[in-house]
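Please look over the sequence and the structure shown below before reading on.

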Amino acid sequence: MLRVVMYHYVRDLPNSRFPRIKGMLADAFVTQVEALQAQYEMASVESAYAYLDGDYVPARDLCLLTFDDGLEEHAGLCTEVLADRGLSGVFAIITRSTDEGWVTPTHKNHFLLAHLPLATYRDAYLERLRELAPHVNVDVDPDEVSKTYRWDTPEVAAFKFVLNFRSPADVKERILDAIFEDTFGDEETFGRELYLSWDDARAMQSSGMVLAGHSHRHEPLSSLADQREELSRCATLLKTNCAEQERWPFTYPFGKPHTYNDETVASLRAAGFDCGFCTLVGDNVPGTSRFAIQRVDPKDV
Ligand SMILES: [Zn+2]
């Protein structure tokens, strides 16, 4: 089988500015990579594709490492850990964030959750939501919520569900922009620290890493009227700012099956992407569509 691990924040959290960010500790990452390397044949994008297509039968199970969101620590710590061990990883970039220092609503939410008491933040959000979109239903089904956010407390998960799946995108963005600026000041300054730069991206390629798309604006793609434009913009920015690559993988934002559809896959192909990693939890066997490759969380490994 092919196991694909999906990383996000990888940090020395206790000594960072935001110790409450939900992420993997730097030491735990190193330990996990070494354990995976001992157990699996570490895959490249090429060997993973060949395996899924039935053209390659490895002696051991395969494991591929992927990193979503183009965070600064992916260019630093993670690339260093992989390169030192002769490994490669797939690093999926949110092109608007790397290009402009724009902080996605998802990440604004993570840092607000990590910085403010939950009640303070939630009340500020819901109060503005009531003003701007009074029709939004804020009552959620706890089972549905806990399946979507498996690692959050029920209170945090319920709030994130209202934020990401119930709030109209433009309203959510306006509210988060306001609370984020009140809390942290200038967004671009924050974003340039949070995300890797195009210089970082090229340096990662020189170290043997593979870059990938993670969309331009990090929205659930199936909810967009202009998926084709969204994905071609992402591809154009990657190809303009990075070195050439034979393969251009893609990881779906949010990544559950309802967040992408046939139009997404057609748009990805048209833009020159050759696979799509989702966040459905599981391993992959030959015959799995390249545009529905399942992944596991580091905590599942
Ligand atoms: Zn993401």
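Which domains does the domain assignment of the protein give? The assignment gives domain 1 (2-101 + 198-300) and domain 2 (105-190); such bounds come from an automatic or database domain assignment.

## Basis of the model

This is a predicted model, in which local features need pLDDT of at least 70 and side-chain atom pairs count only at pLDDT 80 or more, while totals for chains, interfaces and linings use all residues. Residue numbers start from 1 along each chain as its sequence is written.

## The two domains

The C-alpha centres of domain 1 and domain 2 are 25 Å apart. Eight residues from domain 1 and eight residues from domain 2 form the contact (two residues are in contact if their C-beta atoms, placed from the backbone, lie within 7 Å).

## Helix α5

Helix α5 covers residues 105-115; helices are DSSP runs (H or I, at least four residues) numbered from the N terminus. Its buried residues include P105, H107, L112 and L113 (buried: 20 or more other C-beta atoms within 10 Å of the residue's own, all placed from the backbone). The buried residues of α5 pack against α6 (118-132), α8 (154-166), α9 (169-184) and α10 (187-194).

## Helices α12 and α13

Helix α12 (residues 227-241) packs against helix α13 (residues 262-271) at an angle of about 35°, and their axes are 9 Å apart. Axes are lines fitted to C-alpha atoms over the stretch in contact, and angles run from 0 to 180 degrees between N-to-C directions.

On the α12 side, the contact is made by Q227, R228, L231, S232 and A235. On the α13 side, the contributing residues include E263, T264 and L268.

Notes:
Buried ≥ 20, exposed ≤ 12 C-beta atoms within 10 Å, placed from the backbone. Helix = DSSP H or I, 4+ residues; strand = E, 2+ residues; numbered from the N terminus.
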